[in-house]
Amino acid sequence: MPTAAQERLIRPARNIYGSLRLPGDKSISHRYAMLGGFAQGVSRFTNFSTGADCASTLACMQALGAKVTQTGTDSFEITGVGGRVTPAAHPLDCGNSGSTMRMISGLLAPQVGSFTLIGDASLSRRPMERIRKPLEEMGARLTLTEGHGPLTIDGASLHSIDYTTPVPSAQVKACILHAGLQASGTTTVRERVRTRDHSELALRAFGATLTRSLDSVSITGPQSLHAIDATVPGDISSAAFFLCAAALFPGSSLVIDSLGLNPTRATLLDVLTALGAHVAVLNIEEKHAELVGTVQITAPAEGLGSTEVSGAVAAQLIDELPVLAAIAPFTSGGVRIRGAKELRVKESDRIALVAMNLRAMGAEVTEFEDGLDVPGGQTLHGTTIDSGGDHRIAMAFSVAALRADGETLIQGAESAAISFPEFFDLLDLVAER
Ligand code: S3P
């Protein structure tokens, strides 16, 4: 759980060198915990995410009747409720995790009882209308607090819907699929931009039948799930910080193995390649339909070039955009990001915080409602960074700090533990000074 506010001093580095294996993917861990907690039988997960967000999901599933036993630092055994949760005696605390609040709501809407979901100050500002609308169309009732959490779900027996998501969101897709799993009839979710497909793959792994087309996924309910044993692939969104760091230093070499390489998540590798980094992908395997492999990156001797990110790519790269923007001053031609309005409603307003902190480090940056334009060829100087309590901002600016002149103080550094508690230790391991 996030602890007292902490600051971290980041010294510039000379190079990035080494090999890493990263904790389990946050998105996949959430889904395995929810589906394992909901299924019939005992699931066993290893390399489960060590982040506080996934701990929130485990605690919610436990409060709903699943038996959760920690069997190692990153392994859990979960005995599922067999499709019927116990109404929790207390509100379910989702902490900082939008994924938990949105995706669990879909599991709960078809259940008997009333469920209240709460979160921290950041989560209590995030939009929940996007799940209220489809779940109410299916027959449940959701009471929000001015469009946000805390929210209360009055479960009901649900019917299927055919729903087009108005904003690209894998969490909303997962929420509807969780409800569709238990509703009568065939529920279809249509997406204009294909978002990460971990729910589709995980539901199948737990035994559900789904049909997919290029832009839609359908599930016919009711269906039951059975327990699985799984090893969670390393988190590519956590790897992004190290890949971007390595891309900054000619002479760098970094290898990350057992990394999740699901094509709906691996767009950063294409973007880094477009910027001129040398990226090799080796030893690809499939685990419960998720691709896992080794990534090796070296930086180009001539430095990084330039790139533009917009449309579908912006949606697929949404969690990696802060670090991409943070390293943009060190490219030669800059990075232009558009079509990323969703960044404003993440754990913080990530467009505003990236712009503010880049300016604090002395960079020129243009802010748009839906993106940022960061010119290249700039020098950054060490300063105090306000992470706004947002894990990805704290880590993104720790990476920029490696190439800054002077030392950088990251305020709110404890927030890294939301997704990646090991971040600062691993950074010290591969940063040569
Ligand atoms: C996630 C989807 C994305 C992403 C978040 C995790 C998921 O959110 O930003 O970190 O696991 O489905 P949205 O669904 O809001 O785009």
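Which residue stands opposite glutamate 367 in E21? The structure is a predicted model, in which local features need pLDDT of at least 70, side-chain atom pairs count only at pLDDT 80 or more, and totals for chains, interfaces and linings use all residues. Residues are numbered from 1 along each chain as its sequence is written, and side-chain values use heavy atoms, with hydrogens and water left out.

The residue opposite glutamate 367 is leucine 372 in E21. Helices (H or I, at least four residues) and strands (E, at least two) are DSSP runs, numbered from the N terminus, and two strands pair if DSSP finds at least two bridges between them. Strand E20 (residues 366-368) runs antiparallel to E21 and is joined to E21 by 3 bridges. A hairpin with 2 residues between the strands is formed by E20 and E21. Strand E19 (residues 334-337) is also joined by 3 bridges to strand E21 (residues 371-374), in the antiparallel sense. In this pairing, valine 335 is placed opposite valine 374 in E21.

An open sheet is built from 5 strands with mixed pairing, in the order E16-E17-E15-E2-E24. Strand E16 (278-287) and strand E24 (431-432) are the edge strands, each pairing on one side only. Strands of a sheet pair through backbone hydrogen bonds, either parallel or antiparallel. For E16 and strand E17 (residues 290-298), the pairing is antiparallel and extends over 8 bridges. Across this pair, glutamate 285 faces valine 292 in E17, and alanine 280 stands opposite glutamine 296 in E17. The hairpin of E16 and E17 has 2 residues between the strands, and histidine 288 in this hairpin takes a positive phi near 50°.

Helix H13 (residues 423-430) packs on the sheet and touches strand E2 (15-21), strand E15 (253-260) and E24; contact means heavy atoms within 4.5 Å. The direction of H13 makes about 125° with that of E2. Axes are lines fitted to C-alpha atoms, for helices over the stretch in contact, and angles run from 0 to 180 degrees between N-to-C directions.

Two packed helices are described by the angle between their axes and the distance between the axes. The axes of H3 and helix H4 (residues 129-137) come within 10 Å and cross at roughly 10°. H3 is therefore roughly parallel to H4, a term that applies to angles under 35 degrees. Met101, Arg102, Ser105 and Gly106 in H3 meet Arg130, Ile131 and Leu135 in H4. This contact has 3 nonpolar, 2 polar and 2 charged residues. Ala, Val, Leu, Ile, Met, Phe, Trp, Tyr, Cys and Pro count as nonpolar, Asp, Glu, Lys and Arg as charged, and the others, Gly among them, as polar.

Most residues other than glycine have a negative phi, and most peptide bonds are trans. Asparagine 47 has a positive phi near 50° and lies in the loop between strand E3 (42-46) and helix H2 (52-63). A cis peptide bond, with omega about -10°, joins glycine 149 and proline 150; proline 150 is found in strand E9 (residues 148-154). Another cis peptide bond, with omega about -5°, joins glycine 221 and proline 222. Proline 222 belongs to the loop between strand E13 (216-221) and strand E14 (229-231).

Spaces in the model were located on a 1 Å grid over the protein atoms alone: a cavity is a set of points where a 1.4 Å probe fits but cannot get out, a pocket is an open set with protein on both sides within 12 Å along at least five of seven lines, and lining residues have an atom within 4 Å of a point. Grid points are joined across faces, edges and corners, and a volume is the space filled by probe spheres set on the points.

The largest pocket holds about 520 Å³ of space. This pocket is lined by 35 residues, of which Ala170, Arg196, Ile318, Asp319 and Lys346 are the closest to its centre. Two or more lining residues are given by each of helix H1 (26-38), helix H3 (98-108), helix H5 (170-182) and helix H9 (311-316). The lining comprises 7 nonpolar, 10 polar and 18 charged residues.

The count of cavities of 30 Å³ or more comes to 2. The largest cavity contains about 60 Å³ of space, and its lining divides into 2 nonpolar, 3 polar and 6 charged residues. Lys173, Glu191 and Arg194 are among the residues that line the largest cavity. The second largest cavity contains about 40 Å³, with a lining of 4 nonpolar, 4 polar and 3 charged residues, including Asp25, His198 and Glu290.

Definitions and conventions: Parallel < 35°, antiparallel > 145°, perpendicular 65-115°, else oblique.
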